[in-house]
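Dear colleague,

Please find below the structure that I am handing over to you. My notes on its pockets follow.

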Amino acid sequence: MKKFSKLMMMLLVGTMALTGCASKKSDDSASKKEEGANEVSFMIPDWGVPTEEMLKDFEKESGIKVNVMTTSWDDIRNKISTAAAGKKAAADVYEVDWSWVGEFKKAGWLEEIEMSKEDIDDMKTTATFSVDGKVYAVPYSNDYRIAYYNKAMYDKAGIKEAPKTWDQVIENAKILKEKNVVKYPVSNPMAATEKSTTTFLWLAYSRNGKVFNEDNTLNKESALDALKILDKLNREGLSDPANRTSEEAFPKLSNGEAAFMVGPSSFVVKVNNPKESKVVDQVVPVVLPGKDKEATATVPFAEAVGISPYSKNKEAAKKFVAWYTSKDVQYKLYENVSVLPTRTSVIEKLLNDGKIKNAGAMLELSKMIETPFPNGVPDYYTKMSTEIFNTINQMANEKLTPEQAADQMVEKVNKVVAENK
């Protein structure tokens, strides 16, 4: 009986030991699984990388570790496409350019993101990353068009105020040129590149309130109106002919080679940076000129972050995106890496805190952002843009009149639309 009891005790102890080992292995497995769920990979160009301190703060606050994959902007799109072909995530969270939205959405490369009305209202550029009322990426780096005029040059020419209409822009440019204040008073892209397309988009939209019809076809009346302005600036020698081939139309303002420009919002800071500008304290950011009065809208060309539908850590990815685009983080991103916030409230705080100087109409325009695409950026945007900038360049080289350019542009863009229905 004693031998039997002893044997039973040994079996019981052995069973308990095995159970303990199994439990420990199970706990270790769960721990590893939980650890994996608390990590996210983040593919972003170098300009959008948060500081190590910011990332550590996020990890401490959320328990989520962020593995940053600093990647060239030019390479991100291909990496996302290649990974998605194998139903894998190039990263849990990645960069989404405004022009990629339609393509990425159609291909199924973006997870829908829930946003509050308050956040959407604070980030006007969100409309660019929305399709059918659903948000597919959250903007983090702002870029919208602002008009700039060199007040010192205008004063020298005897012009007392900033132009409010394009007729005034052209009239002022002629005076500036005649008085030898500056050889080419206005600087605008005319080369066969994307910058010519975006110039056409904001010009047509800010003057006419539309670029495309509700069926995504090009609005001919608006297109012709914008082309006539671009043609007049070019043919009357008010814009540098070098802009027909050069990508350097915008820097001409900060180099003191132009008196007026509509360009990226980043130039608010650039024109007053002695390392980048020869016209410090001379340039004033103003509202875009319109047809009969100042424009009532401007157009954004922002950068955003989206979540891969193939991510295995979607909940952690959502928390990271919410943190990365939050008010506090946008403020710190500007302070540390000069990323202009997409939140109007943060731009206002930066201005009030004196972090951005000589901002002029920057805040006012941040509240006037609208998308020119009635149905969201189309998945065939790249093809459409190619037809637009090639036509503009042909007109700039005086191979087409504005009327001929409008006819050609409408025909080719509408063909692209028809082929992609």
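**Pockets in the model**

In the largest pocket, helix α16 supplies the largest share of the lining, with five residues. Please bear in mind that this is a predicted model.

The space in the largest pocket amounts to about 1300 Å³. Its lining is made up of 42 residues, and those nearest the centre are Asp143, Pro264, Ser266, Phe301 and Glu303. Two or more lining residues come from each of α3 (73–85), α8 (194–208), α11 (267–270), α13 (327–337) and α16 (381–396). By residue type, the lining of the largest pocket holds 18 nonpolar, eleven polar and 13 charged residues.

The second largest pocket contains about 200 Å³ of space. It is lined by 14 residues, and Ile113, Glu114, Met115, Val138 and Ala322 are the closest to its centre. Which helix gives the most to the lining of the second largest pocket? That helix is α12 (residues 314–324), which provides three residues. The lining of the second largest pocket consists of seven nonpolar, two polar and five charged residues.

Yours sincerely,
A colleague

Technical notes: Residues numbered from 1 in each chain as written. Predicted model: local features only at pLDDT ≥ 70, side-chain atom pairs only at ≥ 80, totals over all residues. Heavy atoms only, no water. 1 Å grid on protein atoms, 1.4 Å probe; cavity = no way out; pocket = protein on both sides within 12 Å on 5 of 7 lines; lining within 4 Å. Points joined across faces, edges and corners; volume = space filled by probe spheres on them. Helix = DSSP H or I, 4+ residues; strand = E, 2+ residues; numbered from the N terminus. Nonpolar A, V, L, I, M, F, W, Y, C, P; charged D, E, K, R; others polar.
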